[in-house]
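Have a look at the model first.

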Amino acid sequence: MTSNTPRTALITGGSSGLGLALARALDAGGWVVVTDARDADRLAAALAGTTVHGVPGDVADAAHRAELTHLVAELGGLDLLVLCSSTLGPLPMRPIAELEPEQIDEVLRSNAGAPVSLLVALTGHLHARGGTLVGISSDAAVSHYETWGAYGASKAALDHFVLTWGVETGLPAYAVDPGDMRTPMHQDAFPGEDISDRPAPETVVPHLLALLGQRPPSGRYVAADVAVPVEVA
Ligand SMILES: NC(=O)c1ccc[n+]([C@@H]2O[C@H](COP(=O)([O-])OP(=O)(O)OC[C@H]3O[C@@H](n4cnc5c(N)ncnc54)[C@H](OP(=O)(O)O)[C@@H]3O)[C@@H](O)[C@H]2O)c1
C-alpha cells in the first residue's frame, strides 16, 4: 500500500448513532468505509449522500459476515475494524432472573460472539496493513447496574476478546467506552425519559479519531478522556 492509498474501515452498525457518525466522519476524511445494519432501508437512507458501502445484514449471520469479508478483500484490505453494533436484549430491560436462556444467548452472541467471529475472519487483513481494532464498550462492562446484566456481561466479554487479541497480535486494540449518547439505543434503555441532555454521538467521534491518530498503547479507554488535539488556525 502506498501512502496515497486511501485507508479502509469496517464499522458494524452504521445506520444509526455512533456507528453512523463515525462512518460519515471517516468517509468525509477520505477513508473507504464499509458498514452494515439489519434494516436495509434505514441503512440506505442513513448513508445517502456518502460514498460509504452499506451492506445490509445481521452480524450474527455467518453468511453476512462472509459477505463483509469478501468485500474487504475486493477493496484490497483493512486498516480499521470498529465493532460497534449492539443490542440491549429484551425490552424493557429486566433483571437476570427474568431472562429466558435464549435471550441471554442472543445478547452474548450479538454483542460478543458474532463480532468476534467477524474479527477472526478479518484478522489476516488487519495484520497485513498493521491495522487497528476498536470494540465499542460501555461503563456497564465494568459496573453492575440492575437490569443491565446480560448487556454488561456481553460488553465485558467483548472487551476481553478485543484486548486479548491485541496482546496476541501486537496490533493496536482498544475497548472504548463512548459514554452516554442521545441515540435510539439509549432511548430504548430509558423509555419515556427525556434524554435530550445526553450528548449527540457526533461529539464522541473527535475522541475516537484522536485515539486512532495517536495510537496509544492498547487498552480500555473512556472516549472523553482521550484528548482531542487543538487545531491551530
Ligand atoms: N447510546 C449510549 O448511551 C451508549 C452508551 C455506552 C455504549 N454504547 C455503545 O455504543 C455503540 C453504538 O450504540 P448507539 O447508541 O449508537 O446505537 P444505535 O443508535 O441504536 O445504533 C445501533 C446500530 O447497530 C445496528 N445493529 C444492531 N444490531 C445489529 C446486528 N446484529 N447486526 C448488524 N447491525 C446491527 C443498528 O441497525 P439495525 O437495528 O438495523 O441492525 C444500528 O445501525 C453500541 O455498541 C452501544 O452498546 C452506547
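Strand 1 (residues 8-11) and strand 4 (residues 80-83) run parallel and are joined by three bridges; strands here are DSSP E runs of at least two residues, helices are H or I runs of at least four, and both are numbered from the N terminus. Leu10 has Leu81 of strand 4 as its bridge partner. Keep in mind that this is a predicted model, where local features need pLDDT of at least 70, side-chain atom pairs count only at pLDDT 80 or more, and totals for chains, interfaces and linings use all residues. Residue numbers start from 1 along each chain as its sequence is written.

- Seven strands form an open sheet in the order 3-2-1-4-5-6-7, with parallel pairing (two strands pair if DSSP finds at least two bridges between them).
- Strand 3 (53-56) and strand 7 (219-222) are the edges, each pairing on one side only.
- From one strand to the next, the twist averages 20° (axes are lines fitted to C-alpha atoms, for helices over the stretch in contact, and angles run from 0 to 180 degrees between N-to-C directions).

**Helices on the sheet**
- Helix 3 (residues 62-75) packs on the sheet and touches strand 1, strand 2 (32-37) and strand 3, its direction making about 170° with that of strand 2 (contact means C-beta atoms, placed from the backbone, within 7 Å).
- Helix 5 (residues 149-169) also packs on the sheet, touching strand 4, strand 5 (132-136), strand 6 (173-177) and strand 7, at about 155° to the direction of strand 6.

**Around strand 6**
- Strand 6 is largely enclosed by the rest of the structure, because five of its five residues are buried (20 or more other C-beta atoms within 10 Å of a residue's own, with C-beta atoms placed from the backbone).
- Ala173, Ala175 and Asp177 point one way from strand 6, while Tyr174 and Val176 point the other way.
- Four bridges join strand 5 to strand 6 in parallel, with Gly135 partnering Ala175.
- On to strand 7 there are four bridges from strand 6, again parallel, and Ala175 stands opposite Arg220.

**Cores**
- The largest nonpolar core has 51 residues, and Leu22, Val33, Leu81, Val82 and Val176 have the most contacts inside it (a core is a set of buried Ala, Val, Leu, Ile, Met, Phe, Trp, Tyr and Cys residues joined through C-beta atoms within 7 Å).
- Another core, of nine residues, lies apart from it and includes Met93, Val107, Ala140 and Ala189.

How values were computed:
Two residues are in contact if their C-beta atoms, placed from the backbone, lie within 7 Å. A residue is buried if 20 or more other C-beta atoms lie within 10 Å of its own, exposed if 12 or fewer, and partly exposed in between; C-beta atoms are placed from the backbone.
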